[in-house]
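Subject: Handing over a structure, with notes on what was found

Dear colleague,

I am passing a structure on to you, and you will find it just below.

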Amino acid sequence: APVGYNFYERRKILTLERVKFFETTSGSTGNKKEIPYTKSFLKTFEDMFLIWAHDLLSHSGIDFKSAKFFSRVSPKIGEENKDDRKYLSTPVALLLRPFLASNPNQHTAKSGQDFLMKISIDLIKSRDLEIIYIWSPTYLLSVLQFMRENEVALDIRDKSWNQIWPELKLISCWTHAQAERPAKLLAEKFPGVMIQPKGLLMTEGAVTIPWTEAKGCIPLVQLAYFEFQDESGKLHKLTEVKEGSTYTLITTQQNGYLRYNTNDLVKVTGFYHKTPVLEFRGRSGQYSDLAGEKFSEAGLRDLKMNHNFLVVPDDSGELPRYHVFSEDGSTEWDTAFKANYHYKLARELNQLKEPVIHNVKNVSDLYLRFFQAQGMTLGDIKERNLLNDITLARKFLAWTDKEPQSSR
C-alpha cells in the first residue's frame, strides 16, 4: 500500500485513515460485507443528523417546545441492542440524552414481544413526545397494534393516538417505494402530524437528506461523491442528470469505498437551485423489501422448498405480508422464510403478518396466464420465483382473486 494508506487485506479495502470499527451489513441481498468506519466517515453521519436537525428547527415552521423525540432501531433479540448514537461524537450524544424518549442501552430484549412491551412502556411514559424518528413505517404500526392488543396502559383503550401524544408534531420515516402505503396509514392515524420522508441512508454511507425548501431530499454533495447510471449503463455526473429520469446510484464515500454500486434506484423529481432532488424508487435488483427483509430470488431458491413456487408481496393491509403460490401443498413457508434473519425479526416484532399459502396445480401456468392477460406474448415472459415489483404484485393478487384456478 502507498505510504500514508491503510490496506486491510481480508476486506480488500484501502483507506486514508485508520479504521475505528467494521459494521457488518445484513447480507440478506447477497454476501455480508464488513463496512469500514473511519473518523471522517463517521463524521458524515453526524453532519447529516445535525444538518437535518438545524433545517427542521429553523425552516420547517413547526413550533417545538419539549423537543422530546423517540428514535429506536430494531434490536438483535437476545444480544446487545443497537444504539444509533455510536455514529455521533460524545458531545453530541450527551447533548441528545435529555431529549430521548427511550434509552437503547437501558435494556436488552429477550424476544420480539419483550422488545415491543419495553418500547411501548417507554412511549406511554413520554406524553410530551414531539418527534418520532424511525426507519420503516411498519415498525411504528406494529408497535401501535401491540399497544392496543396488550393494553399497555388502560387509559389508551378509547383514545386516539393524537390524544395519547397531543404534542406530537413530526414522524420521520420511509415514505416511498414499498413504504408508500404504510406511510399513508400512519398519516391516517396521526392527522395533523407531518410525515417527513426520510433521506437515503445505508450502512455504506449517507446519501440524501430531507430539506424543507427543496420539498424533497437532496444529496449530501459536500460529504460524498455521486454518480448516476442510466438504463443503458451510461454514467452521469450530478450536474448531468435530468428531471423525470431514474438512475441507479453509485457513490464514493470517505471510508475507502470507491464507485460503490448501491443498487438503489433514485428518480430526479426536480431541482433545488442546481442540485437535483432525489426520490428513492426501490432496488435495481430483483428484491422485495416490505419490512427490511430484502428477499431475493436467489435467496428464496436457496430455501430448497420442493416443487415450483411464486412469492408475491402484499401491502394491502395495515401490516404487510407475503403470498406463496406453491404446487407441493407445504405449510412450512413461514418457518422457511425465517432463515432470513430480518424476516424472522420482522415477524417477531409483528411488522409482517404470517404468509398466505395458495395451493395451485401449476404455478407456471398461472404466472404465464397473468402476464398474457396484461398483453404480453409468451416469448417475452420470463418466469420468476419472486414477483418483486409491488405495483405488479397488486395487480397479480387482484387478478388471482377472480381466477378459479388459483385454488385457495
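Before the strands are described, one term is needed: two strands are said to pair if DSSP finds at least two bridges between them. Please also keep in mind throughout that this is a predicted model.

With that in hand, strand E13 (residues 225–229) pairs with strand E15 (residues 246–252) in the antiparallel sense, over 5 bridges, and within this pairing phenylalanine 226 stands opposite threonine 251 in E15. E13 also pairs with strand E14 (residues 235–237), again in the antiparallel sense and over 3 bridges, where phenylalanine 228 has histidine 236 of E14 as its bridge partner. E13 and E14 form a hairpin with 5 residues between them, and in the turn glycine 233 has a positive phi of about 95°.

Next come two open sheets. E5 and E6 are joined in the parallel sense over 3 bridges, with phenylalanine 70 standing opposite isoleucine 132 in E6.

The other is an open sheet of 3 strands, ordered E20-E21-E22, and its pairing is mixed. Here the edge strands are strand E20 (309–314) and strand E22 (356–359), each of which pairs on one side only, and neighbouring strands are turned by 20° against each other on average, direction ignored. Strand E21 (residues 321–326) and E22 pair in the parallel sense over 4 bridges, and the bridge partner of serine 326 is asparagine 359 in E22. Helix H11 packs on this sheet, where it touches E20 and E21, and the direction of H11 makes about 110° with that of E20.

H11 has a helix partner as well. Helix H10 (residues 363–373) and helix H11 (residues 390–401) pack at an angle of about 105°, with their axes 11 Å apart. Angles of 65 to 115 degrees count as roughly perpendicular, which is why H10 is described as roughly perpendicular to H11. On the H10 side the contact involves Leu366, Arg369, Phe370, Phe371 and Ala373, which meet Leu392, Lys395, Phe396, Trp399 and Thr400 in H11. The residues of this contact of H10 with H11 divide into 7 nonpolar, 1 polar and 2 charged.

A further helix pair is worth a look when you turn the model. The axes of helix H3 (residues 112–125) and helix H4 (residues 137–150) come within 10 Å and cross at roughly 85°, and that angle makes H3 roughly perpendicular to H4. From H3 the contact is made by Gln113, Phe115, Leu116, Met117, Ile119, Ser120, Leu123 and Ile124, and from H4 by Tyr139, Ser142, Val143, Phe146 and Met147. By class, the contact of H3 with H4 has 10 nonpolar, 3 polar and no charged residues.

The structure holds 1 cavity of 30 Å³ or more, and the largest cavity has a volume of about 90 Å³. The residues that line the largest cavity are Met48, Phe49, Trp52, Tyr133, Ser172, Lys198, Gly199, Leu201, Thr208, Ile209 and Pro210. Helix H1 (39–59) and strand E11 (208–211) each supply at least two residues of this lining, and by class the lining of the largest cavity divides into 7 nonpolar, 3 polar and 1 charged.

The second largest pocket has a volume of about 300 Å³, and of the 14 residues that line this pocket, the closest to its centre are Phe49, Ala53, Leu57, Phe69 and Leu96. The elements that give two or more residues to its lining are H1, helix H2 (90–96) and strand E6 (131–133), with H1 giving the most, at 6 residues. The lining of the second largest pocket divides into 14 nonpolar, no polar and no charged residues.

With best wishes

How values were computed
Residues numbered from 1 in each chain as written. Predicted model: local features only at pLDDT ≥ 70, side-chain atom pairs only at ≥ 80, totals over all residues. Heavy atoms only, no water. 1 Å grid on protein atoms, 1.4 Å probe; cavity = no way out; pocket = protein on both sides within 12 Å on 5 of 7 lines; lining within 4 Å. Points joined across faces, edges and corners; volume = space filled by probe spheres on them. Nonpolar A, V, L, I, M, F, W, Y, C, P; charged D, E, K, R; others polar. Axes fitted to C-alpha atoms, helices over the stretch in contact; angles between N-to-C directions. Parallel < 35°, antiparallel > 145°, perpendicular 65-115°, else oblique. Contact = heavy atoms within 4.5 Å.
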